[in-house]
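I keep these entries to record what I looked up, one topic at a time.

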Protein chains: 2
Amino acid sequence: MSMTKPKQRSRILKEVHEMATDLYEIGLIDKRRMREYDALCHLDVHEMSPRKIRALRKKENISQAVFAAILNTSVSTVQKWEIGEKKPGGASLKLLNLIERKGMEVAL
Amino acid sequence: MSMTKPKQRSRILKEVHEMATDLYEIGLIDKRRMREYDALCHLDVHEMSPRKIRALRKKENISQAVFAAILNTSVSTVQKWEIGEKKPGGASLKLLNLIERKGMEVAL
DNA sequence: GCCATCTATATCACCCAGTGATATAGTATG
DNA sequence: CATACTATATCACTGGGTGATATAGATGGC
């Protein structure tokens, strides 16, 4: 009620996506089209290869320690991502995707 | 080498934080001052109570399902956060903090 | 009123990502 | 060469995250 409200647009996008999700589950639109909606609303998240993750970090010239701090995770975890011993998923993957698309600044 | 480079500022901030971290570990600055640096660089992440998480979601008028999709996590997980059965940590917590500070848009 | 739909809550068992510690090996910088 | 800093490598542990399913409210249309 008091702040500026850039809320409207994203709200609508979400409505659209919800609707599309429903249509998909009912079977009225196929998987391919559903993906388009996902992409449209920037809700799709793709896997991140170890090299990609490292590249993402190196691009900003920061150490694994700082990178871990930014992501609020442990150094050990970042290492395993980069070596390929463990693969990020869920919110971790989402964050990495955001950083890839929007730059490290989104996490600051 | 080719793109625009808004890189410089965040780079410096990170340097500052790294330095502060070192100073803290050595014992030259105390915990309170360290926290200031954390806050300055927006690297601190605070816990999120179940109510807070729910409030965050309700504020945008979205369902748990959509919220989960945005965070790239499962509905089940969001539920447990809101009930208090599990508490988000790591990248999950970071994302929630970002959304709290910058709004849901950061995740889109 | 009743039925259909969406949303939320609840509970289950599984397991792997994430953690913390520690030890070693590179690689700069003085 | 020595002293940092950074990266790689294992290790054992555990709890956060997952997926499925079942129930209960809430909403809305006929």
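Which residues are closest to DNA strand D, and how many surround it? I note at the start that I am working with a predicted model. I found 21 residues around DNA strand D, and the closest are A:Ser63, A:Gly90, B:Ser74, B:Thr77 and B:Ser92.

Entry: At least two residues each come from α4, α5 and α6 of chain A and from α5 of chain B. The largest share belongs to α5(A), with four residues. I then sorted the surface near DNA strand D by class and got four nonpolar, 12 polar and five charged residues.

Entry: I repeated the search for DNA strand C. In chain A, α1 (7-26) and α5 (75-83) each supply at least two residues of the surface near DNA strand C. By class, the surface near DNA strand C has four nonpolar, 12 polar and six charged residues.

**Entry: two helices of chain B.** At what angle do α4(B) and α5(B) pack? I read off about 110°, with the two axes 8 Å apart. The helices α4(B) and α5(B) are therefore roughly perpendicular to each other. From α4(B), the contact is made by B:Gln64, B:Ala65, B:Phe67 and B:Ala68. From α5(B), B:Val75, B:Thr77, B:Val78 and B:Gln79 take part. By class, I have this contact down as five nonpolar, three polar and no charged residues.

**Entry: B:Arg54.** I located B:Arg54 in helix α3 of chain B. Is B:Arg54 buried or partly exposed? Because 17 other C-beta atoms lie within 10 Å, B:Arg54 is partly exposed. I also checked B:Arg54 against B:Gln79, which is 25 residues away along the chain, and their C-alpha atoms are separated by 9.1 Å.

**Entry: α6 of chain B.** This helix has 13 residues. From its first C-alpha to its last, α6(B) reaches 18 Å, close to the 18 Å expected at 1.5 Å a residue. I listed the buried residues of α6(B) as B:Ala91, B:Ser92, B:Leu93, B:Lys94, B:Leu95, B:Leu96, B:Asn97, B:Leu98 and B:Ile99. The buried residues of α6(B) pack against α4 (64-71) and α6 (90-102) of chain A, and against α3 (50-58) and α4 of chain B. After α6(B) comes B:Gly103, with a positive phi near 95°.

**Entry: chain A.** I counted six helices and zero strands in chain A. From the N terminus, the order of its elements is α-α-α-α-α-α. Chain A has 108 residues, of which 28% count as buried. Among the contacts in chain A with a separation of 6 or more, 48% come from residues 24 or more positions apart.

**Entry: α4 of chain A.** Why is α4(A) described as largely enclosed by the rest of the structure? Six of its eight residues are buried, so α4(A) is largely enclosed. I wrote down these buried residues as A:Val66, A:Phe67, A:Ala68, A:Ala69, A:Ile70 and A:Leu71. The helix α4(A) is followed by A:Asn72, whose phi is positive, near 60°.

How values were computed: Residues are numbered from 1 along each chain as its sequence is written. Chains are lettered from A and ligands numbered from 1 in the order in which they are written. This is a predicted model: local features need pLDDT of at least 70, side-chain atom pairs count only at pLDDT 80 or more; totals for chains, interfaces and linings use all residues. Ala, Val, Leu, Ile, Met, Phe, Trp, Tyr, Cys and Pro count as nonpolar, Asp, Glu, Lys and Arg as charged, and the others, Gly among them, as polar. Axes are lines fitted to C-alpha atoms, for helices over the stretch in contact, and angles run from 0 to 180 degrees between N-to-C directions. Angles under 35 degrees count as roughly parallel, over 145 as roughly antiparallel, 65 to 115 as roughly perpendicular and the rest as oblique. Two residues are in contact if their C-beta atoms, placed from the backbone, lie within 7 Å. A residue is buried if 20 or more other C-beta atoms lie within 10 Å of its own, exposed if 12 or fewer, and partly exposed in between; C-beta atoms are placed from the backbone. The expected span of a helix is 1.5 Å times one less than its number of residues. A residue is near a molecule or strand if its C-beta atom, placed from the backbone, lies within 6 Å of it.
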